[in-house]
Structures are given as structure tokens and as C-alpha cells.
Amino acid sequence: MPSSLPARFTTPEMRTGLYYAAMFLPAGVSTLLLPIWLDGRGIGEEQIGIVSATPIMVMIALNLFVGRIADRAKDWRSVIVAGSLVSGVVSLGFVFVDEFWGVLLFNTLVVIPIMAIEPVIDAAAIRMTRRRGSDFAKVRIWGTFGYIAMTAIAGLLFGWLGIAVFVPLFIATCLMRGAAALPLPFFRAPEGTQSAAPPLALSPDTATTLRQVFRPWFILTLAGTALLQASHMLMISFGALLWVRAGVPEAALGVLWIVAPVCEIVTMLFFAHFARRFSARHLLLAACIGGVIRWTGMAVSTEIWQLVLLQALHMATFGLAYMGIVNFIANWTGEEIAAQAQSFYVVMRQAASVLALMLFGPLVSRLGLESFYAAAVMAALGAVMVFISLSIKDTKR
């Protein structure tokens, strides 16, 4: 980085935070506008579900392989940079497609590299911040800032220019993400470097090989959280479309979408406070209960003030769940399998997401908003799994 920049902009934490901000710019565009863009091209609900599910299905087979490569590489950074650049270049293909098969192909090729590096950047960032004595939440929070800003911009441009804005805006943000990966720091500590903070003491329960992850209380926690996160696929893939059909003004879509990540920021700012008082699994249980409340409410709510309150529960259903599971995995696994352990969870989450999308597509076409009851059931099953895990092994971690 140029030496003329202020020192605070050259720290590993800030460079990683800026990448997180850019990483979520395309998501801010596609989550809000992609379902509407696809609907305008005559692509039905079941096909929209296929577009969303296909990259996830591919990554179920590839994630652990990518995690293994990242753990064996000299530094996790190389995998993150490569995935970001590939996704940015491939996004240019959206210029040439407007029918189902073309969209399916290029959306899959754009999303796969980012899905592959998602667990790698999380594993790398949390290990780096623990080594340096900094706060992972305050690094990851920049991703939410980026998502909020781009969702607001996408909503405003949609209201002004219509859905034609989607393709150029999506491509631009994908290219920005690729560029933002280039200044990323090296995440592993050089040999002989002293950590700024003492590492979490290893216990006999700390997994140092992937095989050691397969313990009932550990797997149940991952599976329960995966179900909760998969329940969001209804909102991600169909939320904006369902709201428009329910009569929610288009101008309000961006605002409603921003409420969720704003509340997510609150969770990240205060997560360290909660983590000192509750174990990661107790926080995950609270997140699942929040999911039951949120999705049940979504099934019967169409007034904007009601939707705002329900969107605020994103602080639990995503913010608390995301921070809880990342910390849970880091607490109970060694650095030798850092990326692989995160990837293993992501595989479980992706498998649950594929099943959810296969369910949600037909439900949306038949039940509309009442499809959210299915998401509430998924969150409830997640709560049961985490509760059983705590019953088997209850600790302060």
C-alpha cells in the first residue's frame, strides 16, 4: 500500500474490512433486484429457485476441496484474490443473456467463486484478528456497511430508472469486488512472530483434524444453525417479489431491505459484550427462536411498519447466528483446519439451502406470503437441534 495513505488505512484489519465491504456490494444489488429482473423476463418462481439453488448445489461438492487448498497454501489470501477476480471477469457475461439457461449459466459462474472463498475469508479474518488482539466483528461489520449502501443505491436507481439498471450495476459491483481483493494482507503469522493476544487454550475437545469434528454435539450445532440460515433463502430469493405482489410500494423496498443489515450492525457492535456472558450455542439458540418469530410474522404482515419490525429481527436471525457460528467453530477447532472447518459448516448450510429452495419455489407459486410458515418451521427445527447439543455438552464456549 502507498506510504502516503494514513496508517489506519494500511492496517490488515482495515484492508480486510474494505474487502468485506466490496464483497457484499453485488449481493446488495442482486438480492433486491435479481428476482424482479428475472420475473420481467418471464422466468417463473420455480425457475428463479433453480437459478438460486444451482451454484449452491455445485459448491456442496467443491467447498471442502477449496478449504483444503486454502489451508495448505502459504497464505489464505491467494485463494481469496483468485476467486474474487474470476467472479468479476465472468460477470461481464450478463451483458449477453436474458433467458433462463443463459442466466443460469452466468449466475452460477459468478456466484461459485465467491461461495468458495466465503468460509476462507471468515476463517482467515477471525484467526488474524485473534492473533493481533483485535475484534473480528469490527472487521466483518464493513461487509454490512457495503451491503446497506449498495442496497440503498440499487433501490433508488430502480425507482428512478427501472429494472434496466440491474445488469450494469451488478457487473460494476462484481468488478469492484475483484479490485478490492488485491490490497488484502497476508493472514497467517510469519514463523516466529509473537501473537498480540494469547490464543484460546486448547482442550482435549479441540479438533485438529476434520475427522474430530464429527461429534454429535458439534454436528447438531452446525446443522441447527444451517437450517436457520437456510430459512433466509425464501426472503433472499423471493422477498422483494412477494412484497411487490402484496402491494408494498416499490419505493419502500430499498428501505425495508436496509432495516435488516442496519440491525445486523447493532449485533456486531455489541457481540463481544454478549459473548462474554453467554456461550456461542446459547446465542445460536436465541437466534433460532428469533427466526420462528420473524418468519411467522412475515406470513401475515403486509403493512410497512409491521415489516420494519420483523426485518429488525435480522439482528438475531442472521447477525447473532453468523457471529455465533463463526466463533463456535473457531473456539473448538485448531488453525490446522480453520478453512476446512468453516467450509464444512458452509457445506451443511448450502445443502439445507438447496432443499429449502426446492421447497420454497413451488410454495411461493401456490401460497404466496404464507410460504413463510415453512421458513418458521425450519428455524424451529434448528432451535431443537441446538437445544439438544446443549443438553449433551453444555460449556461456556
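## A buried glutamate and its partner

Glu118 counts as buried because its relative accessibility is 18%, where buried means under 20% relative accessible area, exposed over 50% and partly exposed in between (1.4 Å probe, protein chains only). The model is predicted: local features need pLDDT of at least 70, side-chain atom pairs count only at pLDDT 80 or more, and totals for chains, interfaces and linings use all residues. Residues are numbered from 1 along each chain as its sequence is written, and side-chain values use heavy atoms, with hydrogens and water left out.

Glu118 forms a salt bridge with Arg349, and their closest N and O atoms are 3.0 Å apart. A salt bridge is a side-chain nitrogen of Lys or Arg within 4 Å of a carboxyl oxygen of Asp or Glu. Glu118 lies in helix α5 and Arg349 in helix α14 (residues 338–367), so the pair ties together parts that are 231 residues apart in sequence. Helices (H or I, at least four residues) and strands (E, at least two) are DSSP runs, numbered from the N terminus. Arg349 is likewise buried, at 16% relative accessibility.

## Further salt bridges

Side chains of opposite charge can pair when their charged atoms come close. The count of salt bridges comes to four. One of them joins the side chains of Glu13 and Arg132 (2.7 Å, N to O). Because Glu13 lies in helix α1 (residues 12–23) and Arg132 in helix α5, this pair links parts that are 119 residues apart in sequence. Glu13 is buried, with a relative accessible area of 14%, whereas Arg132 is partly exposed at 35%.

Another salt bridge is formed by the side chains of Arg245 and Asp39 (3.5 Å, N to O). Arg245 belongs to helix α9 (residues 233–245) and Asp39 to helix α2, so parts 206 residues apart in sequence are tied together.

## Helix α2

Helix α2 (residues 25–40) has 16 residues and reaches 23 Å from its first C-alpha to its last, close to the 22 Å expected at 1.5 Å a residue; the expected span is 1.5 Å times one less than the number of residues. Since 13 of its 16 residues are buried, α2 is largely enclosed by the rest of the structure. After α2 comes Gly42, whose phi is positive, near 80 degrees.

## Cysteines

The structure holds zero disulfides, a disulfide being a pair of cysteine sulfur atoms within 2.5 Å. Cys263 is in no disulfide, and the nearest cysteine sulfur, that of Cys288, is 19 Å away. Cys263 is buried, with a relative accessible area of 12%.
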